[in-house]
Amino acid sequence: MVNIFIIFLSAVIVNNYVLVNFLGICPFIGVSKKISPAVSMGMATTFVMTLTSAVSWLINKYILEGLNLQFLQTVSFILVIASLVQLVEMFVKKISKPLYDALGIFLPLITTNCAILGVALFLVLKEYNFIESIIFGFSAGVGFTLAIVIMAGIREELELADVPEYFKGAAITMIVAGCLALAFMGFSGLI
Amino acid sequence: MAKKITLSREFLKGLWDENPVLRMLLGLCPALAVTNSAINGLSMGLAVIFTLVMSSAIISLARNIIPKEVRIPTFIIVIATFVTIADKMLAAYFPDISKALGPFVPLIVVNCIILGRQEAFASKNSVSRAVIDAFGMSIGFTITLTILGSVRELLGVGTIFAVQIMPDSFEPWMVMVLQPGAFLTLGLMIGISNWLNAKRAK
């Protein structure tokens, strides 16, 4: 139990996916203009990450390690992610219209979100067991959501700020992200 | 359209006008994650040059036989194959660099620059153009990463490519080689490139 709590805390705050590990920067910059799409993106990512970590753990353990095919890791994980995203999209569309409307357009974007492949690669690297992998995937998603929602909150306020002309847009966003990363560094002694 | 511009323009556009990191904001994850020293930035760039040029060549060759509906999965498999080759080569010949870059080498697969160039360029143009475009884009990426890595290394530990530059009295800014430094440096570089562009347009 303690172990699981530490994995959760570590992935959400101490080793936050976006601000400490630099995974998922593209959606972090791209979808953080307003709070509500940022929340949806975070939810969709968390959902896919949890599923991916379960499936890629099974594939790695029983197919790749079983057949001694670890060099196919990258290829097989990306295929799993791409097909999983497609499946989730069809599934969500069938069972829940409101959920599809909320997550719909973000799902295809997730395939090329490096945070997802990152989770799959990290859980092999860290040698987690099945339950730990699922917790890890879920908490990485929560950490991503936390970062992107905080960022969206700041950027909504930033609209009103008087930013030097050449730093408008991406440049100031990066610098704000830098300050945010500085704040998250304060958690680094926690575990 | 693309056919009208000369081959040299095709190459040069990747270096500045359509620089993937500074102007198109693609491939930011590796740009931020591995640039804590100049050599890491350069090696990541070289891995991207290899992957992008090889997959552009293959996809451009096969552009007429790939069905439109399954083009994205096809691109990803071709890219993933070359990334695996690059990853294993690095691990075999340069184990130190491979260790420093960690999972960011396999993560080149989901680098939006590579998939983006296949979708936007290689699948529609002849092999020679696709290869030249790939070289331009990936060299632009490499130069940006090397500069970013050099600035962070210089301010963070006082060296460039592990050669001492700063005088001994210089107090290193540790924060530059840590995560916040990556965001701050890239933010300033984007701002400066915007300013240079605006100046050139006048």
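Two residues are said to be in contact if their C-beta atoms, placed from the backbone, lie within 7 Å. The structure is a predicted model, in which local features need pLDDT of at least 70 and side-chain atom pairs count only at pLDDT 80 or more, while totals for chains, interfaces and linings use all residues. Residues are numbered from 1 along each chain as its sequence is written, and chains are lettered from A and ligands numbered from 1 in the order in which they are written.

**Exercise 1. Describe the fold of chain B and the confidence of its prediction.**

Step 1. Helices (H or I, at least four residues) and strands (E, at least two) are DSSP runs, numbered from the N terminus. By this count chain B has eight helices and two strands, and from the N terminus on they come in the order α-α-α-α-α-α-α-β-β-α.

Step 2. The radius of gyration is taken over C-alpha atoms, and the globule rule is 2.2 Å times the number of residues to the power 0.38. For the 202 residues of chain B the rule gives 17 Å, and the radius of gyration is 18 Å, which is close, so chain B is as compact as a globular protein of that length. Along its principal axes the C-alpha trace of chain B spans about 60 × 50 × 25 Å.

Step 3. Among the contacts in chain B between residues at least 6 apart in sequence, 75% join residues at least 24 apart.

Step 4. A residue is buried if 20 or more other C-beta atoms lie within 10 Å of its own, exposed if 12 or fewer, and partly exposed in between, with C-beta atoms placed from the backbone. Buried residues make up 47% of the 202 residues in chain B.

Step 5. The mean pLDDT (the predictor's confidence in each residue, from 0 to 100) is 88 in chain B, and 98% of its residues reach 70 or more.

**Exercise 2. Which parts of chain B touch chain A, and what kinds of residue do they supply?**

Step 1. The contact takes 32 residues from chain B and 31 residues from chain A.

Step 2. On the side of chain B that touches chain A, helix 2 (28-33), helix 4 (71-93), helix 6 (112-122) and helix 8 (179-201) each supply at least two residues. Helix 8 of chain B gives the most, with eleven residues.

Step 3. Ala, Val, Leu, Ile, Met, Phe, Trp, Tyr, Cys and Pro count as nonpolar, Asp, Glu, Lys and Arg as charged, and the others, Gly among them, as polar. This side of chain B divides into 25 nonpolar, six polar and one charged.

Step 4. For the complex, the predictor gives an ipTM of 0.85 and a pTM of 0.87.

**Exercise 3. Which residues have the most contacts inside the largest nonpolar core?**

Step 1. A nonpolar core is a set of buried Ala, Val, Leu, Ile, Met, Phe, Trp, Tyr and Cys residues joined through C-beta atoms within 7 Å. The largest has 107 residues, and those with the most contacts inside it are A:Leu117, B:Leu32 and B:Val109. Helix 7 of chain A gives the most to this core, with ten residues.

Step 2. Leaving aside neighbours within four places in sequence, A:Leu117 is in contact with A:Phe77, A:Ile78, A:Ile81, B:Leu107, B:Val109 and B:Val110.

**Exercise 4. Where is A:Glu127 found, and is A:Glu127 buried or exposed?**

Step 1. A:Glu127 is found in the loop between helix 7 (114-125) and helix 8 of chain A.

Step 2. A:Glu127 counts as exposed because it has 8 C-beta neighbours inside 10 Å.

Step 3. Although A:Glu127 is not a glycine, its phi is positive, at about 55°. Most residues other than glycine have a negative phi.
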